[in-house]
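Please read it alongside the sequence and the coordinates.

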Amino acid sequence: MPARRRPLDRAVAALIAAAFVVGCSTDHTITPSATPDAPNAYASNDASPTPSSFGGFSALELARERIRHIVFVMQENRSFDSYFGTYPGADGIPMKDGVPSVCVPDPASHGCVAPFHDPNAVNFGGPHHAAAARADVDGGRMDGFVRMAEAGKKNCKSLLDPACSRGGLDAMGYHDRSDIPNYWAYADNFVLEDQMFEPNASWSLPEHLFLVSEWSAKCSVRDDPMSCVNALDKPDQPPAPGFGGAGSAAPNYAWTDLTSLLYRQGVSWGWYVFPGTEPDCEDGDATCKQVKQSASTPGIWNPLPWFTTVKQDGQLGNIKSVGSFFDAATRGSLPAVSWMIPSHEVSEHPPASIARGQAYVTAVVNALMQGPDWSSTAVFVSWDDWGGFYDHVAPPRVDLNGYGLRVPGLVISPWARKGFIDHQVLSFDAYAKLIEDLFLSGARIDPATDGRPDPRPDVRENEPQLGDLIASFDFEQPPRPTLILPTTWDPAVEFPAPSPSLTPAPS
């Protein structure tokens, strides 16, 4: 069973309850500003705050009392500069007199391409495997994006292939408030993280492995964690049609993951998969069979069914359709930890529409805000890798696996700071750390202590430069009102009651 929570002092608890009535008694429907330079009075933060205490309790103790549900919404393939490079107060694209003051060499034209506003909802980016990350960063010069976009594979059978490219220059394009108004509205009203880095300098599959286990590895003996070795770019891959080097029929993810610790401590979790397809195949001569995705079909965005621990612990039933998430949000039966995994159609992974992805994410947040669990929920929205899109910040040096390039990060909660830009160095390791601190009494995925040792190179949650997500919250403020934003995506239409049955996808 979960460890008992320390009760708050009765006077402090009464104060919190009264504040919540004042702060959340009325829902506020707010339409985001369409003005690109809308003011943000909270944007010019000098530094991230140190988690403080209140009423004799530490910020972590208060977080354990008040945040009982955390939801991670993982979207796909966007850099920070591509979404928030012109957001006021953020560490965005270097500008002079409102014009980008940086450019990236273009080997094809022998010119230099500056970042530019790209209003198109469909983009293509560039290669985003480990070699592309090294080339884009180029020793900290951050000038390889155009070269890699032009040099990437043009006739790949699927954009699932992280070496694929359409050869265009939209890798240098960025979006602003007029293109993604809801994401900017969340930044205005909650927390924007401008130093969030993908945890592994590579592509989607390693990032999702890090999301749940803090490691990307390859194991030589089935179900034996000590047989695993580091695999920055090429862990076992699914046998996806159209994907170059199709991988093994049954990937062997034997090392220890977060669900193992959650299961042993009796902490509930859910991994919610959007039924549909993984990234689309190209048209024309390079056609291939689309890769179907559901809760019962493991894939590069849905690796949990292949983890030894999930199977041995009898936890496969925790991997469900996104429709089940909306049911739980409506009923007030959310698990302690939820991960939201998109299909290609709503993922924002090129060439998926960013407008449709934003509409889906907005529907997720709206459902949480309108549900009975909202008062004790924190939502974290991020994008799993940079997708080949330009970013001007060189990743910090951590270990042999990362960090990778910078991606957007948002924190949305009734306890989140208003309009705060968090400048701490973060990665998805901070997500794992938060889960462990809130629900596992600070226990880590650590071979020396977790009872299931593996030869991972380090304990990523303990990296000294990794920031603390507790700094995103202010437990002295009244709880924040809801922010119901417009969306064209309706879960009631996509997932009519009862929720879709989980049947295997056709082979």
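In helix 6 (residues 181–189), the axis comes within 9 Å of the axis of helix 11, and the two cross at roughly 45 degrees, where axes are lines fitted to C-alpha atoms, for helices over the stretch in contact, and angles run from 0 to 180 degrees between N-to-C directions. Helix 6 is therefore oblique to helix 11, given that angles under 35 degrees count as roughly parallel, over 145 as roughly antiparallel, 65 to 115 as roughly perpendicular and the rest as oblique. Pro181, Asn182, Tyr183 and Tyr186 of helix 6 meet Gly357, Gln358, Val361, Thr362, Val365 and Asn366 of helix 11, contact being defined as heavy atoms within 4.5 Å. Helices (H or I, at least four residues) and strands (E, at least two) are DSSP runs, numbered from the N terminus.

This is a predicted model, in which local features need pLDDT of at least 70 and side-chain atom pairs count only at pLDDT 80 or more, while totals for chains, interfaces and linings use all residues. Residues are numbered from 1 along each chain as its sequence is written, and side-chain values use heavy atoms, with hydrogens and water left out.

Helix 11 (residues 354–369) also packs with helix 10 (residues 322–331), their axes coming within 8 Å and crossing at roughly 30 degrees. Because of that angle, helix 10 is roughly parallel to helix 11. On the side of helix 10 the contact is made by Val322, Phe325, Phe326 and Ala329, and on the side of helix 11 by Tyr360, Ala363, Val364, Ala367 and Leu368. Helix 10 passes helix 11 in a left-handed crossing, a crossing being left-handed if the near helix is turned anticlockwise from the far one by less than a right angle, and right-handed if clockwise.

The chain as a whole has 13 helices and 24 strands. Of its 507 residues, 61% are buried, where buried means under 20% relative accessible area, exposed over 50%, and partly exposed in between (1.4 Å probe, protein chains only). Among contacts between residues at least 6 apart in sequence, 81% join residues at least 24 apart.

Two helices illustrate how elements are covered. Helix 7 (residues 204–213) is mostly covered, ten of its ten residues being buried, among them Leu205, His208, Phe210 and Val212. The cover over these buried residues includes strand 4 (69–75), helix 8 (258–264), strand 15 (269–273), strand 19 (337–341) and helix 12. Just after helix 7, Glu214 takes a positive phi of about 70 degrees. Helix 4 (residues 130–137) is likewise mostly covered, with six of its eight residues buried, namely Ala130, Ala132, Ala133, Ala135, Asp136 and Val137. Helix 5 (145–151) is included in what covers them, and just after helix 4, Asp138 takes a positive phi of about 50 degrees.

The structure holds two disulfides, a disulfide being a pair of cysteine sulfur atoms within 2.5 Å. Their geometry is set out below.

| Disulfide | S to S distance | Angle about the S-S bond |
|---|---|---|
| Cys103 and Cys112 | 2.0 Å | 95 degrees, right-handed |
| Cys219 and Cys228 | 2.0 Å | 95 degrees, right-handed |

Cys103 is partly exposed, with a relative accessible area of 39%, and Cys112 is partly exposed as well, at 43%, whereas both Cys219 and Cys228 are buried.

Two further residues deserve a look. Glu436 is found in helix 12 (residues 429–439) and counts as buried because its relative accessible area is 0%. Not counting residues up to four places away in sequence, Glu436 touches Leu258, Ser441, Gly442, Ala443, Arg444, Ile445 and Glu461. Gln315 lies in the loop between helix 9 (308–312) and strand 18 (319–321), and with a relative accessible area of 13% Gln315 is also buried. Leaving aside neighbours within four places in sequence, Gln315 is in contact with Tyr263, Trp269 and Val310. The C-alpha atoms of Gln315 and Ser260 are separated by 9.3 Å, although these residues stand 55 residues apart along the chain.
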